[in-house]
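This briefing is arranged by topic for reading beside the model. Please keep the sequence and the coordinates in view.

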Amino acid sequence: MEKNLVYTGKTKNVFALDNGNYLLKFKDDCTGKDGVFDPGENSVGLTIEGVGDVNLRMSIYFFEKINAAGIRTHFVNADLDDTTMEVLPAKVFGKGLEVICRHKAVGSFYRRYEEYVEEGADLPAYVEMTFKNDAKGDPLVTKDGLQVLGIMTAQQYEDIKEMTQKITQIVADDLKEKGLVLYDIKFEFGYDKDGKVMLIDEIASGNMRVYKDGKYIDPMTLSELFFAE
């Protein structure tokens with residue numbers, strides 16, 4: 001099948017396929033700073049051999065589970081030998097939107113609201129959305145703001161929120177079986193030509209904050225623990 005490079009990303013390259021779908025090629029490049037891996041950083045800081053493979057493995061595992069639960073995703077199939085994933089075409093909201101689901105008050109949520117909440121307090125699958133904009137520090141945006149700006153409809157917002165909470169529960173339940181606790185996770189959503197919402201991008205350890213016995217597990221260790229027999 002013919003493939004043409006259409007986008008070179010930080011951790012993935014995107015190719016257009018002649019069947020109308022797209023191919024994501026996972027790379028071993030990671031975001032970070034001064035040679036230290038950090039999923040929150042906005043630039044490639046280091047290369048870790050095999051990270052593309054484990055990110056793809058985890059994505060396949062969860063996309064198949066989520067599809068089986070009847071939740072729409074862009075996942076079609078994957079080739080582990082080539083570290084690639086075939087996906088359906090989807091438009092992103094605005095210039096890119098991150099959707100975060102929080103089970104615990106940590107990170108930026110705690111920094112914003114520490115006068116009102118204790119660190120690590122339980123949250124009821126709290127969903128928030130931020131614009132992907134490095135220069136502005138990924139600003140938060142409300143449901144009303146997204147509608148006023150013409151980025152999504154009220155229905156699309158509600159669909160994303162409901163899907164996010166369901167998907168987060170699937171991931172959290174899976175991790176719990178392995179003795180791991182999901183604190184928060186970030187997703188990306190897009191929509192098809194009919195405006196129907198679907199989960200896009202990847203579901204990898206670098207997109208989630210996970211703890212074991214009260215201690216934070218870094219993404220590479222999490223991947224190893226996740227696939228340990």
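How many aromatic pairs does a search of the whole structure find? The search finds 11 aromatic pairs, where rings of Phe, Tyr and Trp (its six-membered ring) pair if their centres lie within 6.5 Å. The model is predicted, so local features need pLDDT of at least 70 and side-chain atom pairs pLDDT 80 or more, while totals for chains, interfaces and linings use all residues. Residues are numbered from 1 along each chain as its sequence is written, and side-chain values use heavy atoms, without hydrogens and water.

**Aromatic pair**
- Phenylalanine 63 and phenylalanine 75 form a stacked pair, 5.7 Å centre to centre with 5° between the planes; planes under 30 degrees apart count as stacked, over 60 as edge-to-face and the rest as tilted.
- This pair links distant parts of the chain, since phenylalanine 63 is in helix α1 and phenylalanine 75 is in strand β7, 12 residues apart.

**Five-stranded sheet**
- An open sheet of 5 strands runs in the order β1-β2-β3-β8-β7 with antiparallel pairing; helices (H or I, at least four residues) and strands (E, at least two) are DSSP runs numbered from the N terminus, and two strands pair if DSSP finds at least two bridges between them.
- β1 (3-8) and β7 (75-79) stand at the edges with a single partner strand each, so one side of each has no neighbour in the sheet.
- The twist averages 25° from one strand to the next; axes are lines fitted to C-alpha atoms, for helices over the stretch in contact, and angles run from 0 to 180 degrees between N-to-C directions.
- Strand β2 (residues 12-17) pairs with strand β3 (residues 22-26) in the antiparallel sense over 5 bridges, and lysine 12 stands opposite phenylalanine 26 in β3.
- Helix α1 (residues 51-68) lies across β3, β7 and β8 (84-87), at about 145° to β7; contact means heavy atoms within 4.5 Å.

**Three-stranded sheet**
- A second open sheet has 3 strands in the order β5-β4-β6, with antiparallel pairing.
- Its edge strands, β5 (36-37) and β6 (44-47), each pair on one side only.
- Strand β4 (residues 29-33) pairs with β5 over 2 bridges in the antiparallel sense, and lysine 33 stands opposite valine 36 in β5.

**Salt bridges**
- The count comes to 17 salt bridges, each a side-chain nitrogen of Lys or Arg within 4 Å of a carboxyl oxygen of Asp or Glu.
- Glutamate 98 and lysine 186 meet in a salt bridge (3.7 Å, N to O).
- Glutamate 98 lies in strand β10 (residues 97-104) and lysine 186 in strand β13 (residues 181-191), so the pair ties together parts 88 residues apart in sequence.
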